[in-house]
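The following paragraphs lead through a single protein model, from its confidence to selected local details. Please keep the sequence and the coordinates in view while reading.

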Amino acid sequence: MRVLQRRFLGSAWFGVCGSQYHVWRCCSDLRVMTDTMTMPSLDQILAIYDEQAPLAEASTIPAPWYVDARIGELERLNVFSRTWQLVARTDQIEKPGQFVSMMLAGEPIVVVRGNDDVLRGFYNVCRHHAAAVVTQPCGKTTLLHCPYHGWNYGLDGSLKGMPEFEGVKNFDRGKNGLVPVRVETWECFVFVNLDPEAQSLQEFLGGLAPRIAPLGIGKLHHFDRKTYNIACNWKVFVDNFLDGGYHVPHLHKGLNSVLDYKQYTIENEDRYCLQSSPMVASVEDAATGATRKGGRAWYFWQYPNLMINCYAGYMDTNYVIPVDADHCSVIFDFYFSDVSEAARAYNEQSVHVGNQVQDEDLGICEDVQRGLKSRAYGAGRLSVRREAGEQLFHRLLAADLRNGARSSNVAAD
Ligand code: FES
Ligand SMILES: [Fe+2]
């Protein structure tokens with residue numbers, strides 16, 4: 001072990017510099033920085049975070065969790081493949097034959113409403129030679145037709161026909177339908193879960209559903225969608241959302257002008273966090289004041305990657321999709337109580353206000369991702385007043401990743 005420098009640091013952690021790991025290790029009461037040139041194991045990286053620490057003593061999850069591709073793969077398998085993920089709106093697939101397709105945790109998926117009015121989900125993978133059967137993101141059809149060699153599947157996933165397949169022996173058409181995945185709906189949202197053993201959507205949502213019910217989001221109508229591609233880990237975006245308004249007075253002057261920041265509240269429940277603030281009339285920002293109205297602002301987050309933001313007559317959902325360790329996409333869907341032509345200009349102004357806030361968040365998230373890769377940073381402390389939501393997120397994530405790592409270690413033994 002080559003000792004480069006002795007330092008007293010707050011806790012033992014790993015810093016990341018490019019592809020090399022500089023490892024800070026606890027050595028009695030001295031922290032000794034060593035340059036091992038050896039990449040720490042996944043178990044070592046997972047062990048750095050202490051989820052038992054009370055908020056006043058807690059740190060964030062450590063920097064390698066935001067930059068290491070192995071953590072990303074562990075998340076894909078144990079978070080995104082095992083939780084209910086928002087894939088569509090009910091209004092996109094309300095008629096028989098309507099479908100949506102998407103990638104979920106690396107898997108091609110299609111959700112389609114059958115002629116019997118039942119919503120079904122399938123792996124969008126042809127049983128012949130694995131081509132995507134559905135190639136459009138959404139649409140309406142009577143048959144699921146594979147473009148490669150022309151196999152046809154019914155809306156219920158059953159294999160209907162295979163051209164030029166006469167003479168093939170021991171082939172059971174009944175066993176070669178599309179492979180199903182679980183689909184459930186809540187309010188105006190369609191969710192998929194790749195885990196056949198997962199709890200129901202209602203159980204997964206837990207307290208979120210009754211907490212949001214009085215806001216009547218089912219009466220709102222979809223108006224617009226924006227997708228942001230951000231050069232940061234998906235968790236940086238979630239952390240930014242869950243800092244209890246900490247960044248709002250500094251980063252979002254317009255938004256801050258309609259919130260009573262001192263009265264901002266943070267409620268943590270099983271798998272969701274509600275941040276809420278009384279609203280005040282804005283004297284500084286007319287556009288924000290005109291489009292962000294009501295007695296309270298409601299900001300819900302459901303583990304791991306869904307946010308639902310509500311004001312009077314308004315909702316936007318933010319769905320965060322990991323791309324790789326350094327990139328994510330965030331889909332914003334905007335809903336309003338009135339989507340008539342007469343309300344269009346107002347709704348467009350409201351979406352524009354949302355875009356401005358996102359542009360402000362986007363810049364800081366990309367800055368943070370660069371900082372997380374610096375040798376100067378390992379983990380950060382949390383504000384007791386503001387950042388309880390982040391701690392809930394980090395604890396839930398740590399539990400899922402450790403369970404996942406444990407099961408793969410057991411499987412490997
Ligand atoms: S891969 Fe679909 S028909 Fe061949
Ligand atoms: Fe923000």
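Asp367 is partly exposed, at 42% relative accessibility. Both residues belong to helix α10 (residues 344–372), where they are three residues apart and therefore separated by about one helical turn. Helices (H or I, at least four residues) and strands (E, at least two) are DSSP runs, numbered from the N terminus. An α-helix has 3.6 residues a turn, so residues three or four places apart point the same way.

Residues are numbered from 1 along each chain as its sequence is written, chains are lettered from A and ligands numbered from 1 in the order in which they are written, and side-chain values use heavy atoms, with hydrogens and water left out. The chain has an average pLDDT of 90, and 91% of the residues score at least 70; pLDDT is the predictor's confidence in each residue, from 0 to 100. Residues 1–36 have a pLDDT below 50, and this stretch has 82 contacts in the model beyond near neighbours in sequence, a contact being heavy atoms within 4.5 Å. Where pLDDT is low, the predicted coordinates should not be read in detail.

Charged pairs come next. In the whole structure, 16 salt bridges are found. One of them joins the side chains of Arg89 and Asp91, with an N to O distance of 3.0 Å. Arg89 is buried, at a relative accessible area of 12%, whereas Asp91 is partly exposed, at 35%. Another salt bridge links Arg120 with Asp116 at 2.6 Å, N to O, and Asp116 is partly exposed, with a relative accessible area of 45%.

Helix α3 (residues 69–80) has as its buried residues Ile71, Leu74, Glu75, Asn78, Val79 and Phe80. Viewed down the axis of α3, these buried residues fall within an arc of 160°, so they line one face of the helix; the arc is that of the directions from the helix axis to the C-beta atoms. The N-terminal end of α3 is capped by Asp68, a side-chain oxygen of which lies 2.7 Å from the backbone nitrogen of Arg70.

What surrounds Ser276, leaving aside its neighbours within four places in sequence? Ser276 is found in strand β17 (residues 272–278), and it counts as buried because its relative accessibility is 2%. Its contacts are Gln263, Tyr264, Thr265, Arg296, Ala297 and Trp298. With Ala297, a polar atom of the Ser276 side chain lies 3.0 Å from the backbone oxygen.

The cysteines can be treated briefly. The structure holds zero disulfides, a disulfide being a pair of cysteine sulfur atoms within 2.5 Å. Cys188 is in no disulfide, and the nearest cysteine sulfur, that of Cys310, is 9.8 Å away. Cys188 is buried, with a relative accessible area of 13%. Cys310 is likewise buried, at 3%.

In the loop between β18 (296–302) and β19 (306–311) is Pro304, which is joined to Tyr303 by a cis peptide bond with omega of about 0°. The loop between β7 (107–113) and β8 (119–123) contains Asp117, whose phi is near 75°, a positive value in a residue other than glycine. Asp117 is partly exposed, with a relative accessible area of 46%. Glu187, in the loop between β13 (180–186) and β14 (189–193), has a positive phi of about 50° although it is not a glycine. Glu187 is also partly exposed, at a relative accessible area of 34%.

Conventions
This is a predicted model: local features need pLDDT of at least 70, side-chain atom pairs count only at pLDDT 80 or more; totals for chains, interfaces and linings use all residues. Buried means under 20% relative accessible area, exposed over 50%, partly exposed in between (1.4 Å probe, protein chains only). A polar contact is a pair of N or O atoms within 3.5 Å; within protein, one must be able to donate a hydrogen and the other to accept it, and residues adjacent in sequence count only if both atoms are side-chain atoms. A salt bridge is a side-chain nitrogen of Lys or Arg within 4 Å of a carboxyl oxygen of Asp or Glu.
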